[in-house]
Amino acid sequence: MTLLSALIIGLALGAALGGHPRQLGQLTLRWNVLIFWSLALQLFLFTGASIDPPAVTVLYPLSGGLAIAWLARNLVIPGIACMMVGGLSNFLAIVANGGRMPVEPNLLAQTRGADYVRALAAGLVTSNSSLADSNTHLRWLTDLILIPPPWPLPTVLSVGDVLIALGVIWLIVKAMRSRAKDDRHVVEVREVGLEQ
């Protein structure tokens, strides 16, 4: 379940439960510059640019730290706490393993193919991942949960990724339904007023 999948599931579930996407515009998120800087760093690092490995080991965790700071600032919003626990889990795994998220090679081969795994091992592809091996630290926090085909976006996730996705779904559903709940409350109050 990637972030895109979580967004789609959240929107679909929110609509199914009577919410409306326009309510998402009512969310008040603070310190948004932090998340934009985090995303900008990741785009810089992992969209084809040739970056020295030592720089990645500093800049990728910095990107995660900025995202965690943004989540901490918005902790009162439903779903954010779940996302933050997931973000911290990923951050710990990345820092403990030299600035990249380890992924199980055999699981990665099932989603991206054996050629991709060989290219990643040879350093021929730009990625925020490294291949897990016997030296991997905090292995239980790394990418080892397979979401296989025929899922439209097959991938390998970490426990942190799953928590982030669940938090995103929770946030979207709650935000989409907030107005519906308020409207229902107004109707109930009016009905009570009419009965009196």
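The charged end of Arg112 sits over the ring of Tyr116, 4.0 Å from its centre; a charge counts as over a ring if NZ of Lys or CZ of Arg is within 6 Å of the ring centre and within 35 degrees of the ring normal. The model is predicted, so local features need pLDDT of at least 70 and side-chain atom pairs count only at pLDDT 80 or more, while totals for chains, interfaces and linings use all residues. Residues are numbered from 1 along each chain as its sequence is written, and side-chain values use heavy atoms, with hydrogens and water left out.

**Overall architecture**

- The protein chain has seven helices and four strands; helices (H or I, at least four residues) and strands (E, at least two) are DSSP runs, numbered from the N terminus.
- Read from the N terminus, the order of the elements is α-α-α-α-β-α-α-β-β-β-α.
- Of the 196 residues of the protein chain, 35% count as buried, where buried means under 20% relative accessible area, exposed over 50%, and partly exposed in between (1.4 Å probe, protein chains only).
- Among the contacts in the protein chain with a separation of 6 or more, 70% come from residues 24 or more positions apart; contact means heavy atoms within 4.5 Å.

**Nonpolar cores**

- The largest nonpolar core holds 20 residues, of which Leu71 and Ile80 touch the most other members; such a core is a set of buried Ala, Val, Leu, Ile, Met, Phe, Trp, Tyr and Cys residues joined through side-chain atoms within 4.5 Å.
- Two or more residues of this core come from each of α2 (32-46), α3 (53-73), α4 (80-96) and α7 (159-195), and α7 gives the most, with seven residues.
- Beyond its neighbours within four places in sequence, Ile80 is in contact with Leu71, Asn74, Leu75 and Leu171.
- A second, separate core has nine residues, including Phe46, Val56, Tyr60 and Met101.

**Aromatic rings and charges**

- One aromatic pair is found in a search of the whole structure; rings of Phe, Tyr and Trp (its six-membered ring) pair if their centres lie within 6.5 Å, and planes under 30 degrees apart count as stacked, over 60 as edge-to-face and the rest as tilted.
- The ring centres of Phe46 and Tyr60 are 5.1 Å apart and their planes lie at 85 degrees, so this pair is edge-to-face.
- The pair links distant parts of the chain, with Phe46 in helix α2 and Tyr60 in helix α3, 14 residues apart.
- Both Phe46 and Tyr60 are buried.
- The charged end of Arg73 sits over the ring of Trp31, 5.3 Å from its centre.

**Helix α2**

- The 15 residues of α2 should span 21 Å at 1.5 Å a residue, and its end C-alpha atoms are 21 Å apart, which agrees; the expected span of a helix is 1.5 Å times one less than its number of residues.
- Leu34, Ile35, Ser38, Leu41, Leu45 and Phe46 are the buried residues of α2.
- Viewed down the axis of α2, these buried residues fall within an arc of 120 degrees, so they line one face of the helix; the arc is that of the directions from the helix axis to the C-beta atoms.
- The buried residues of α2 pack against α3, whereas Phe36, Trp37 and Leu43 are exposed on the other side of α2.

**Helix α4**

- Helix α4 has 17 residues and reaches 24 Å from its first C-alpha to its last, close to the 24 Å expected at 1.5 Å a residue.
- The buried residues in α4 include Ile80, Cys82, Met83, Met84, Gly86 and Gly87.
- Ser89, found in helix α4, is buried, with a relative accessible area of 12%.
- Leaving aside neighbours within four places in sequence, Ser89 is in contact with Leu141 and Gly160.
- Gly98 follows α4 and has a positive phi, near 75 degrees.

**Backbone features in loops**

- Pro149 and Pro150 are joined by a cis peptide bond, with omega about 15 degrees; Pro150 is found in the loop between β3 (145-147) and β4 (155-157).
- Trp31 has a positive phi of about 55 degrees although it is not a glycine.
- Trp31 lies in the loop between α1 (3-16) and α2 and is exposed, with a relative accessible area of 52%.
- Leu138, a residue other than glycine, also has a positive phi, near 50 degrees.
- Leu138 lies in the loop between β2 (129-131) and β3 and is partly exposed, with a relative accessible area of 35%.
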